[in-house]
Amino acid sequence: QVHLVESGGGLVQAGGSLRLSCVVSGRTFSLGWIRQAPGKEREFVAGIRWSAGSTYYADSNKDRFTISRDIAKNTVYLQMNSLEPEDTATYYCAASPILTDRIAQYNYWGQGTQVTVSS
C-alpha cells in the first residue's frame, strides 16, 4: 500500500514559479506527477525512479519543470518555472511499478493540489 499527500499548489502569475511536494508512505518503484485541467484528460508531466533518481518528462514541459526526490524525507518534488495559464490544473502525485508516461500504469494516487496561473 502506498499513501501520497501533495502540497504546494496555489495561485501564481504567469512567469512565476511553484514547487509541489508529495510525501510518500510505503514502497514504490516510480513516482510521477500527472495533471488534469478542467474539461481535459489527465496528462503525464514527469516521473522519477525512486531509488535510481532517473527521470522522464513530457516533451511539452521538460524545459520548465524539474522533478526530484529526497529519499531521507520520503518526498518527491516538482519545480515549475515560467508558468503559463495553460499550466492551470489539478496536479496529482501517483505511484507506478515502472517509470512511464502511461497513466494507466499508475495505481496509487494522492488527492491532488490545485495550481492556478493567472495571465
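Trainee: Which residues of strand β11 are on the covered face, and which are on the uncovered one?

Mentor: Keep in mind that this is a predicted model. In β11, residues 113-118, the covered face holds Thr113, Val115 and Val117. Gln114, Thr116 and Ser118 make up the uncovered face. In a regular strand, side chains alternate between the two faces of the sheet.

Trainee: What makes β2 and β11 a pair of strands?

Mentor: Two strands pair when there are at least two bridges between them. β2 (residues 10-13) and β11 have four bridges, in the parallel sense. Therefore they count as paired. Val12 stands opposite Val117 of β11.

Trainee: In which sense do β9 and β11 pair, and over how many bridges?

Mentor: The sense is antiparallel, and there are three bridges. The cut-off is at least two, so this pairing counts too. Ala89 has Val115 in β11 as its bridge partner.

Trainee: How do you know whether Cys22 and Cys93 are buried or exposed?

Mentor: Buried means under 20% relative accessible area. Cys22 has 0%, so Cys22 is buried. Cys93 also has 0%, so Cys93 is buried.

Trainee: On to the rings. How many aromatic pairs are there?

Mentor: The search of the whole structure finds two.

Trainee: Why is the pair of Phe44 and Tyr56 called tilted?

Mentor: First check that the rings pair at all. Their centres are 5.6 Å apart, and the limit is 6.5 Å. Now take the angle. It is 40° between the planes. Stacked needs under 30 degrees and edge-to-face needs over 60, so this pair is tilted. Phe44 lies in strand β5 (residues 43-49) and Tyr56 in strand β6 (residues 55-57), twelve residues apart.

Trainee: What accessibility labels do Phe44 and Tyr56 get?

Mentor: Phe44 has 7%, so Phe44 is buried. Tyr56 has 35%, so Tyr56 is partly exposed.

Trainee: What makes the pair of Tyr92 and Trp109 edge-to-face?

Mentor: The planes are 75° apart, and over 60 counts as edge-to-face, so the label holds. The centres are 5.9 Å apart. Tyr92 is in β9 and Trp109 in β10 (residues 108-109), 17 residues apart. Tyr92 is buried at 14% relative accessibility, while Trp109 is partly exposed at 28%.

Trainee: Where does Arg42 sit relative to these rings?

Mentor: Arg42 lies over the face of Tyr92, at 4.5 Å from the ring centre. The charged end of Arg42 also sits over the ring of Trp109, 4.3 Å from its centre. The distance limit is 6 Å, so both values pass that part of the test.

Trainee: How do you know that Arg35 and Glu43 form a salt bridge?

Mentor: Side chains of opposite charge can pair when their charged atoms come close. The cut-off is 4 Å from nitrogen to carboxyl oxygen. For Arg35 and Glu43 the closest N and O atoms are 2.8 Å apart, so they qualify. Arg35 is buried at 8%, and Glu43 is partly exposed at 31%.

Trainee: Which residues form the network of salt bridges?

Mentor: Arg35, Glu43, Arg64 and Asp87 are linked there. The whole structure has four salt bridges.

Trainee: Why do Lys62 and Asp59 count as a salt bridge?

Mentor: Their closest N and O atoms are 3.6 Å apart, within the 4 Å limit, so the pair counts. Lys62 is partly exposed at 44%. Asp59 has 65%, and over 50% means exposed, so Asp59 is exposed.

Conventions:
Residues numbered from 1 in each chain as written. Predicted model: local features only at pLDDT ≥ 70, side-chain atom pairs only at ≥ 80, totals over all residues. Heavy atoms only, no water. Buried < 20%, exposed > 50% of the residue type's maximum accessible area, 1.4 Å probe, protein only. Phe/Tyr/Trp six-rings, centres within 6.5 Å; stacked < 30°, edge-to-face > 60°. Lys NZ or Arg CZ within 6 Å of the ring centre and 35° of its normal. Salt bridge = Lys/Arg side-chain N within 4 Å of Asp/Glu carboxyl O.
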